[in-house]
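Please read this note with the model open beside you. It is written for someone who is new to looking at protein structures, and each point can be checked by eye.

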Amino acid sequence: MTTPGPSPTLLVLDAEPRPRLGRLTGRARIEYADESDLAERLPHADVLLVWDFTSHAVREAWPGDGPRPRWVHTASAGVDHLMCPELAASDTVVTNARGVFDQPIAEYVAALVLAMAKDLPRTLEFQRERTWRHRESQRVGGSRAVVVGSGPIGRAITRTLEALGITTALVGRTPRTGVHGPEDLDRLLARADWVVAAAPLTEDTRGMFDARRFGVMQPSARFVNVGRGQLVDEDALAEALSRRWIAGAALDVFEAEPLTAGSPLWQLPGLIVSPHMSGDTVGWRDELGAQFVKMYEDWAAGRPLPNVVDKKRGYVPGH
């Protein structure tokens, strides 16, 4: 009789509430770490689950001596919070939570577009003031949008906006059928009523929405960022809104999170601020946990893993 080998060690970079991993009982030795002891535990782990996807602890702890996990999974769409040169150069497989957030984020973007078109923020403000002020609102049907980021989230946003009657252009890293390349972006921005940033954070996309790009947009345009905060030069956006170069904006992500109480963005005219919640619907943590458990079962059985990130590019290729 063959004696089964020891169970792989699954290390979880912890956050509350913890993931539901009961299906892995007996199939993995599950341990938990936080930022203070992650570095010393990494050499003893076969798999790392980055459950606390707001932490930069992996990027800081990965360099150093000793072996490293063979597989790292982050419970998020973006991987910029964990990538470092040593991880990028290693043989470790990195996967993400692609597929969990696509439709929730698309719905959130549609809600923001409708809220701005129908002037809902001021309606709620007038209600609090008990002020009866009739206004005219905009139709979204027949307007134009540009979605920057051609991954699953960007494609879901495009489908949802088109269902509202908005003519939508999708911009990606490389041009192909149904997707414009970066060289078309300025031309499309100049005609867009809605500009949505949903791109991953890479060296090519960092700071891409700057003073020049906001200057290209129409004065009637509105800007939405549900990608990464570092895609946007926040000072340039503040100036664009203050000078009315664009009509409004909505940010769900920021250069530094959480946004401090003293940030001028809170009171910027025409800006809707939300606390990085566009993809977080009721039950989302359970969905993330179930996705990882299924992926772990594939990994343990030697089956190919889905959602494998190109560590040089910083996202899952093939879309």
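Predicted model: local features only at pLDDT ≥ 70, side-chain atom pairs only at ≥ 80, totals over all residues.

1. The mean pLDDT of the protein chain is 96, and 98% of its residues reach 70 or more. Among the elements, helix α1 (residues 38-41) has the lowest mean, 96, whereas strand β8 (residues 194-197) has the highest, 99.

2. Helix α4 (102-117) contains 16 residues and spans 23 Å from its first C-alpha to its last, which is close to the 22 Å expected at 1.5 Å a residue. Its buried residues are D102, P104, I105, A106, V109, A110, L112, V113, A115, M116 and A117. An α-helix has 3.6 residues a turn, so residues three or four places apart point the same way. The cover over the buried residues of α4 includes α5, α6 (152-163), β8, β9 (222-225), β10 and β11. Just after the helix, D119 adopts a positive phi of about 60°.

3. Which elements each supply at least two residues of the lining of the second largest pocket? They are α4, α5 (120-129), β10 (248-251) and β11 (271-273), and the largest share, 4 residues, comes from α5. This pocket has a volume of about 560 Å³. Its lining is made up of 21 residues, and those nearest its centre are P121, R122, P269, G270 and L271.

4. Helix α10 (residues 284-300) has 17 residues and reaches 24 Å between its first and last C-alpha, close to the expected 24 Å. Just after α10, G302 takes a positive phi of about 80°.

5. The side chains of D14 and R18 are joined by a polar contact of 2.8 Å. Leaving aside residues up to four places away in sequence, D14 touches Y32, A33 and D52.

Technical notes. Residues numbered from 1 in each chain as written. Heavy atoms only, no water. Expected span 1.5 Å × (residues − 1). Polar contact = N/O pair within 3.5 Å; in protein donor to acceptor, adjacent residues only side chain to side chain. Contact = heavy atoms within 4.5 Å. pLDDT = per-residue confidence, 0-100. 1 Å grid on protein atoms, 1.4 Å probe; cavity = no way out; pocket = protein on both sides within 12 Å on 5 of 7 lines; lining within 4 Å. Points joined across faces, edges and corners; volume = space filled by probe spheres on them. Buried < 20%, exposed > 50% of the residue type's maximum accessible area, 1.4 Å probe, protein only.
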